[in-house]
Amino acid sequence: MSQAKKTVLSSLQIENAIDELIAQNSVVLTVEDVACHCKLSDSEQAESAPRIVREMNCHEALLTIQPGQSFAVAGKLFKNAEFLVVPSSFEIENNILVPGHRFVPFMDKELFPSDVTLRESGARRKQSAREIAAPAEELIKYHLLLGAETLFDFFAAENADNIDTAQESSNPTLKLTVLDMKKFYAETAFAEGDALLIRVKDYRNGEFEFSLYNGKTRHPQQLQAYQLKFEKSLEDITEKYLPGAAVIDQLQVLFAQTPELLKNPAMSLDELLMSDSAFDIAMDQDGSTLVKRMEDDPLEDHHHHHDHDCSCGCHHDHELPDNITIGSGQTGSLESMLAKLYPMLNMVELDAILLDNLKNYDLDFNSFYARAFGENALPFADGMQEACFFNELEERFEAMTESYPREYDQECGSIRAMIVNFTMERCTVLAELADLAGELEVKPELFEALAEVVLLLDEALMIANNPAAIAEDFDFAEFRTGVENALESGEEALSALREILDGDD
């Protein structure tokens, strides 16, 4: 107990030290800074260094500069930082600016693009917002750097109608909130090639100001030098420091390591990454990340296919990568998606598997997913459904991990474990039967007997999955006996089904 208390106090001490250092004027903090602030001895510094690194890695206000060594205070790093946004012909023609991914690397991760506050330099009023409706293929290009998993969440959060329309078409009309730029574009005779010079005023609250950046002043040599510096830094990020990390995380660390890119910017992120870029956006079920192209790869083999008729002027058609679409599959609650994708397992049973893993100190999401779904490839209708499913599942995993009442779970946990083992065996048998459905004859009453047992066990799991709510006088002996009797009946039903499978051999 004393050792546990010492660990907790030490973690609190470290966290408080980080907060106190952040409150000072330093833009960069090192592990040594924190150790010194905690007044640790040399031996204590060496012992506490891994814990300090973990705390700094997890701190929402810090960005990694050198992994395990130095970190930037994001709000101070980006204060008055500058970057370019180059509006497309679509935006100019419609007198709008789509925030999209353009501002996201320069503001707090808790904010959505539509949370941006933008003012013309010297003006008191912020740019007003309005809603537009446009085809997904037109709007995707402004959001790709968010990553597929965040992009879909954003579209759903922007307008509930987007989910419904996405299920009806492969190129649905989406409704988004954008910035109204009509007055500014008219007053400055804004034209294609012109840009907006954006300055960060408040990273935490997503506040920015802007001014005209005349396209005629953009010299090729300046652009080339800026691009070379950006790509050299990004190569280190994608291959050495943060390979496989989320795109926005990679970009933020890039700017933390190369803050000179935030002064006198010559190119926008769209121009650097969405045009003839040396980097691609790789998307899969684990997320979206930037990877460097292989030099000998033909351009058409990459996600960004070149099209010189592209209306945005960047010579690229902005198609989503293979197997990623806006979506026509059912989304919504995790329970409704699970019922469509893996009906042999319900939410009560899925929660039981997760809680059983937690009871056994297995806190890895991938381990939980593999145990629940095995080798089965879930039949996702499209990328949007897949992203929504994994987002919901990971959120549930994190929430239950944080709230797991281990101190109450000894009795319930052992009973739940018996049911989970039976559930896993049931899923295995049913999956094998499904593979041979056209070749086997199974009496309906066998499934009916199994279904009756499952109903009884699910009722038991509703109790066992909430151990903290069980009364002190609850009769666990009687509860266990009832579960064991149901499991005995269930095993008889499974044995009969196994015999059918064995007979097929």
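User: Is Arg 396 buried, exposed or partly exposed?
Analyst: This is a predicted model, in which local features need pLDDT of at least 70, side-chain atom pairs count only at pLDDT 80 or more, and totals for chains, interfaces and linings use all residues. Residues are numbered from 1 along each chain as its sequence is written, and side-chain values use heavy atoms, with hydrogens and water left out. Buried means under 20% relative accessible area, exposed over 50%, and partly exposed in between (1.4 Å probe, protein chains only). Arg 396 has a relative accessible area of 33%, so the class is partly exposed.

User: Which residue does Arg 396 meet in a salt bridge?
Analyst: A salt bridge needs a side-chain nitrogen of Lys or Arg within 4 Å of a carboxyl oxygen of Asp or Glu. For Arg 396 the N to O distance is 2.7 Å, and the partner is Asp 351.

User: How many residues apart are Asp 351 and Arg 396?
Analyst: Asp 351 is buried, at 11% relative accessible area. Helices here are DSSP runs of H or I with at least four residues, strands are runs of E with at least two, and both are numbered from the N terminus. Asp 351 sits in helix α14 (residues 347–359) and Arg 396 in helix α16 (residues 383–403), so the pair links distant parts of the chain, 45 residues apart.

User: What is the distance between the closest N and O atoms of Glu 91 and Arg 102?
Analyst: Glu 91 is buried, with a relative accessible area of 0%. Arg 102 is buried too, at 4%. Their salt bridge brings the closest N and O atoms to 2.8 Å.

User: Where in the chain is Arg 102?
Analyst: Its partner Glu 91 lies in helix α5 (residues 89–93), eleven residues away. Arg 102 is in the loop between β5 (96–97) and β6 (117–120).

User: Are Asp 409 and Arg 416 buried or exposed?
Analyst: Their side chains meet in a salt bridge, at 2.5 Å from N to O. Both Asp 409 and Arg 416 are buried.

User: How many salt bridges does the structure hold?
Analyst: Some are joined in a network, which links Glu 60, Asp 108 and Arg 204. The structure's count is 20.

User: How many disulfides are there?
Analyst: A disulfide is a pair of cysteine sulfur atoms within 2.5 Å. The count by this rule is zero.

User: Which cysteine sulfur is nearest to that of Cys 36?
Analyst: Cys 36 is partly exposed, at 43% relative accessible area. Cys 36 is in no disulfide. The nearest cysteine sulfur is 9.3 Å away, and it belongs to Cys 38.
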